[in-house]
Every structure is written in C-alpha cells, then in structure tokens.
Amino acid sequence: MSRPMTIDQQVLHVYVALQNLAHGRPVNEIAADIGRSRFATARMVKRARALGLIEVRATVSAPVDVGISTELAQRYGLRTALVVATHATDAAASRDAIARIAARFIVDIVGEDDILGFAPGRTLVLASRLIDALPRADVVQLSGVGAPRLEDGVEVISNVGRLSGGATHPLYLPAVLMKDPEARVILRHPSIQRTLRKLDHVDKAFLTIGGWPEASLMASQLSDLGERQEYEDKGVVAEMGTMLLDAHGNMVSGLEDRFVGISQAQLRRVPMRIAIGGGPGKERAVLAALRSGIPDHLITDIRCAKAALAA
C-alpha cells in the first residue's frame, strides 16, 4: 500500500497541475522549474486530478453543453457546434434559448466590413432583437420571404442593418415563384438584381433550419401553391436557405429555377456558413442539414444534437 501524500507533495502536485491546466504552461517548462523529468511531471498532473487535489470545471458563460458540442463537431466535421443546454418541450421556448446563443455568436464573429447574409426565419428574428451593436457591415437577405408576415422575412435584415450601419439588400419577394415563366420577370428589377449580385460576395451566411412540414415557412408557401404534397412525397424533411433536403442531406430537385435567393453552389463558396435551428420536431431536419455538408457551424439544442449523434 502506498503512503499517503505528504502536505509538501500535495502542494507540489497542485502547483504543477495549475501551471499546466490553468496557466497553459507546457510540461517540459514546468519540469525544468521543479527539477523533474517531463514524464514524472506529466504523471503529477494526472495524479493531482485523480486524487481530487484540483478540480477542473467548465466556466463557459452561456448555457452550452461543452461535451456534446465538441462531440457533434467532431462527428460531422464542423468548425464549431454550440449545443444549447435546454430540454424545453415547447417549440417557442426552445427557439428563444437557441436565439440567445445565436445572438451572442453573431456579436462575437461579425467583423468590420463583413458582408453578412441572413435567411428569413423566426429564430434569427429573435436573435436580431437581442443584439445591441455590431461593427460596420453590409447585410444581404439570402432568400425570399417564406410567409406573408414581415417578422418572418425582412425584419432580420432591417434589424441587423440598423445595428451595423452598413448597406442593406433585402428581397421583397416570395421564397418560391409561381410556375408561370412570366413570374421571373420581377427578378429583372434593378433593386432585386443588386441584391442577387451581392450574394456572390457574402462572407458569413446565417441560415435557419426548417423542419418539414410543420416547422417550415417554405412548406406553408408551397401549400398555398398546391404543391406541398408533391415535395413531401419526394422525401423532403428539411429546408435551409433555398434548398429542400431529404433525410440523407441530398437536395430535392424541382424548384431550382423558381427559388429566389442564394443557390447551393453560391452558398458552398461562402467562407463561413452557420446553420441555426432546433426544438421539438426538428430532429430529422437538423440531421439532414448536417448530412448535407453545407454548414460548417451549427447552433442547436440538446434534443437535436443527441438525435444526430445517435444516427
């Protein structure tokens, strides 16, 4: 049986562990300080933790599950995943929790003179209302409006544009045009053309994930056009930007020439692509978005994250 660690040994172990874990000093450097080998010093760090001499705690100043976030990012090759630690069973409560983290993320990553792209959506509307200030940036609407309510359309662009003080480029059009070829004539309008040209220069794209059909603005619009069932039969489970996705993350064809907004090819060229969405009923939609390979950042909730990890 090994002897209990003496007080001086405890102090040394705690010193070594704190220098490495709290102050980020390399083991080699600490070993030189205390006159031990780097292997012995590394064992001291490990033993200090095992004996409870030090405690490692997460102190992220936001309700984010660090472990699940890291696991999700690694599983799907994301640059960042932020899994909001909410177990709300109400869609509105989940949306609010995700929006609060999305607002903080937007504030953290927007840089001076960025060109920001925002898709319409209720979560981003809520997030935009929670932001107090942003660096100067231009703002572009990534897709047409998915519902007749202004708050589900151009309010995000208006709010972010006002906060950043840059130019705003809205799209006062539906997300999906009618089948009539003459419906495309409106796209020739100079103000619409200016916005569409700007889509090639977006630096950061913020996309909402819609779950089909109940939690989807585009599904509602296609229902008005009498076409929703056709795309449900094709296996659509999610929408993101101007894309309809099946359960495997593949784009469902049929509306490419009628979508108003950024194309899949344009979106994949955007340097930073953030997908935002979650809550009850969106598990399949979030998984489809991840499988599409389009987002390189994701903000969602625990329910959807666990479903994606279990898939």
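Colleague: What makes Thr195 buried or exposed in this model?

Modeller: In this predicted model, Thr195 has a relative accessible area of 2%. Buried means under 20%, and therefore, with its 2%, Thr195 is called buried. Thr195 lies in helix H8, which covers residues 190–198.

Colleague: Which residues are in contact with Thr195, leaving aside its neighbours within four places in sequence?

Modeller: With those neighbours left out, Thr195 is in contact with Val140, Gln141, His169, Pro170 and Leu171. Each of these counts as a contact because heavy atoms lie within 4.5 Å.

Colleague: Why is strand E5 described as largely enclosed by the rest of the structure?

Modeller: Strand E5 takes in residues 204–211, and eight of its eight residues are buried, so the strand is largely enclosed by the rest of the structure. Lys204, Phe206, Thr208 and Gly210 point one way from E5, while Ala205, Leu207, Ile209 and Gly211 point the other way, and all are buried.

Colleague: How do you know that E5 pairs with strand E2?

Modeller: Two strands pair if at least two bridges are found between them, and E2 (residues 114–118) and E5 have three bridges, in the parallel sense. In this pairing Gly117 stands opposite Ala205 of E5.

Colleague: Which way do E5 and strand E8 run, and which way do E5 and strand E6 run?

Modeller: E5 and E8 (residues 272–276) run parallel and are joined by five bridges, with Lys204 opposite Met272 in E8. E5 and E6 (residues 238–240), by contrast, run antiparallel and are joined by three bridges, and the bridge partner of Gly211 in E6 is Ala238.

Colleague: Turning to the helices, why are H6 and H7 called roughly parallel to each other?

Modeller: The axes of H6 (residues 122–129) and H7 (residues 155–164) cross at roughly 25° and come within 9 Å. Angles under 35 degrees count as roughly parallel, and H6 and H7 are therefore described in that way. Their crossing is left-handed. The contact is made by Leu124, Val125, Ser128 and Arg129 from H6 together with Glu155, Val156, Asn159, Val160 and Leu163 from H7, and these residues divide into five nonpolar, two polar and two charged.

Colleague: What makes H5 and H6 oblique to each other?

Modeller: The axes of H5 (residues 91–109) and H6 come within 8 Å and cross at roughly 55°. Angles under 35 degrees count as roughly parallel and those from 65 to 115 as roughly perpendicular, and with their crossing angle of roughly 55°, H5 and H6 are therefore oblique to each other. H5 passes H6 in a right-handed crossing. On the H5 side the contact is made by Arg95, Asp96, Ile98, Ala99, Ala102, Ala103 and Ile106, and on the H6 side by Arg122, Thr123, Leu124, Leu126 and Ala127. This contact divides into eight nonpolar residues, one polar and three charged.

Colleague: How many helices and strands are there in the protein chain, and what share of its residues is buried?

Modeller: The protein chain has 13 helices and nine strands, and buried residues make up 51% of its 311 residues. Along its principal axes, the C-alpha trace spans about 85 × 40 × 30 Å. Of the contacts in the chain with a separation of 6 or more, 68% are accounted for by residues 24 or more positions apart.

How values were computed. Residues numbered from 1 in each chain as written. Predicted model: local features only at pLDDT ≥ 70, side-chain atom pairs only at ≥ 80, totals over all residues. Heavy atoms only, no water. Axes fitted to C-alpha atoms, helices over the stretch in contact; angles between N-to-C directions. Helix = DSSP H or I, 4+ residues; strand = E, 2+ residues; numbered from the N terminus. Parallel < 35°, antiparallel > 145°, perpendicular 65-115°, else oblique. Left-handed = near helix turned anticlockwise from the far one by under 90°. Nonpolar A, V, L, I, M, F, W, Y, C, P; charged D, E, K, R; others polar. Buried < 20%, exposed > 50% of the residue type's maximum accessible area, 1.4 Å probe, protein only.
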